[in-house]
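Colleague: I am new to this structure and would like to go through it by question and answer. Please start once it is on display.

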Amino acid sequence: MANVTVIGAQWGDEGKGKIVDWLAERAQVVVRFQGGHNAGHTLVVGDKTYKLSLLPSGIVRGTLSVIGNGVVLDPWHFRDEVAKLTGQGVTITPDNLQIAETTPLILPFHRDLDGLREDASGAGKIGTTRRGIGPAYEDKVGRRAIRVCDLAHLDDLGPQLDRLCAHHDALRAGFGEAPIDRDRLLADLREIADVILPFASPVWRTLDAANKRGDRILFEGAQGVLLDVDHGTYPFVTSSNTIAGTASGGSGLGPSAAGFVLGIVKAYTTRVGSGPFPTELEDETGQRLGERGHEFGTVTGRKRRCGWFDAVLVRQSAAVCGITGIALTKVDVLDGFDEIRICTGYRLNGEVYDYLPPHARDQAAVEPIYETIEGWSESTAGARSWAELPAQAIKYIRRIEELIQCPVALVSTSPEREDTILVRDPFRG
């Protein structure tokens with residue numbers, strides 16, 4: 001049996017929540033390894049809908065869930081999300097949820113800085129969620145972060161606070177803001193420490209032991225490959241590495257444990273916030289996709305931009321992540337289209353590209369090269385086998401496989417977890 005690493009192969013919002021939930025029921029451990037509470041997952045279980053943004057999706061199923069060191073954790077959001085899920089009947093205790101002791105914290109001044117920068121950026125706005133994710137990662141790399149383990153040693157925090165305040169007070173002064181209130185910050189940390197510390201654990205040991213036992217481990221990525229800080233549409237990206245390789249560094253378990261890499265891919269393309277989007281449709285077709293797909297961000301509520309499937313980008317994601325197979329979601333949204341288009345390449349300054357150029361200006365200027373295929377009038381909603389899919393829908397799926405050079409492992413035909421066609425079991429490699 002193999003472990004499974006799940007990543008979004010587009011700009012996020014590909015439907016990872018349902019797929020991770022579907023897999024989590026068969027896993028012994030589910031691990032979040034990067035990002036923060038800027039990543040939204042919606043799970044539909046029976047007649048209940050759960051909206052998660054920080055906790056691993058396995059928590060809803062009672063599966064041992066781990067927040068790895070590669071995540072940045074807002075302790076107050078953690079408290080509130082736990083309370084919300086507990087109110088929905090989910091049991092959350094240190095027995096089924098662990099947080100890596102070395103996880104960096106998102107603090108109030110991180111949120112402040114995130115918003116101040118975005119407001120001052122004018123045309124350079126990135127479209128951040130303003131939740132402090134980027135500034136928290138900056139402090140981690142700058143070796144001035146306060147981590148979960150520091151909550152047990154707050155009386156020794158003075159030198160670290162000196163480093164933090166020397167950096168942030170200068171930035172705050174530039175925006176006309178008052179310095180950090182150190183006494184208030186320490187008081188807030190003392191109060192929240194009792195909430196966080198019971199969950200703190202050397203999770204690398206937990207994962208090492210689970211892996212040696214042969215337990216099935218599910219690594220749950222957040223956002224999407226095209227938002228990766230190195231491999232995405234920079235600077236319109238998130239502040240962490242979202243590729244599959246991050247599962248190792250962000251959890252403390254070696255790269256050989258990544259197992260089957262499952263890329264979640266929407267049957268069309270969406271994006272939230274600013275940045276290039278070659279196949280974006282700002283017409284009735286784009287509106288139709290958005291309405292039928294209920295394309296609003298789980299975390300922000302922002303309307304998602306919609307466009308045709310971009311095989312160039314997904315092929316690039318598959319190569320960068322070593323994707324073993326894809327889970328194709330929201331096929332049912334395409335029901336009823338007379339024609340469906342797939343982007344197979346780009347034109348830029350008279351040249352044809354089979355990849356997305358790295359510079360933002362070139363990315364914004366590329367013109368998609370489309371292939372048009374016949375649509376289908378029958379419904380795919382709720383299909384659970386190939387036999388229930390229209391012939392043209394199967395033809396569309398097969399063409400996607402050819403263009404992205406990666407096989408389909410699962411097909412999702414509705415938000416319901418059972419409405420899934422299993423082609424290849426990721427846990428069996």
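Colleague: In which sense do strands β1 and β9 pair?

Modeller: This is a predicted model. In it, β1 covers residues 4–8 and β9 covers residues 260–266. I7 stands opposite G263, and G8 stands opposite I264. Over 5 bridges, the sense of the β1 and β9 pairing is parallel.

Colleague: Which residue of β13 stands opposite I264?

Modeller: Strand β9 also pairs with β13, in the parallel sense and over 5 bridges. In that pairing, the residue opposite I264 is A327.

Colleague: How many of the residues of β9 are buried?

Modeller: In a regular strand, side chains alternate between the two faces of the sheet. From β9, F260, L262, I264 and K266 point one way, while V261, G263 and V265 point the other way, and all are buried. The strand is largely enclosed by the rest of the structure, because the buried count is 7 of the 7.

Colleague: Which strands are the edges of the open sheet?

Modeller: The sheet has 10 strands with mixed pairing, in the order β7-β6-β5-β2-β8-β1-β9-β13-β17-β18. An edge strand here pairs on one side only, which leaves β7 and β18.

Colleague: Is Q98 buried or exposed?

Modeller: Q98 is found in strand β6. Its side chain makes polar contacts with the side chains of S201, at 3.2 Å, and T206, at 2.8 Å. Buried means under 20% relative accessible area. The value for Q98 is 13%, so Q98 counts as buried.

Colleague: How far apart are the end C-alpha atoms of helix α6?

Modeller: Helix α6 has 15 residues, 182–196, and at 1.5 Å a residue it should span 21 Å. The model agrees with that span, as the end C-alpha atoms are apart by 20 Å.

Colleague: What do the buried residues of α6 pack against?

Modeller: An α-helix has 3.6 residues a turn, so residues three or four places apart point the same way. In α6 the buried residues are L185, L186, D188, L189, I192, A193 and I196. Their packing partners are α2, β6, α3, α5 and β7.

Notes: Residues numbered from 1 in each chain as written. Predicted model: local features only at pLDDT ≥ 70, side-chain atom pairs only at ≥ 80, totals over all residues. Heavy atoms only, no water. Helix = DSSP H or I, 4+ residues; strand = E, 2+ residues; numbered from the N terminus. Expected span 1.5 Å × (residues − 1). Buried < 20%, exposed > 50% of the residue type's maximum accessible area, 1.4 Å probe, protein only. Contact = heavy atoms within 4.5 Å. Pairing = 2+ DSSP bridges. Polar contact = N/O pair within 3.5 Å; in protein donor to acceptor, adjacent residues only side chain to side chain.
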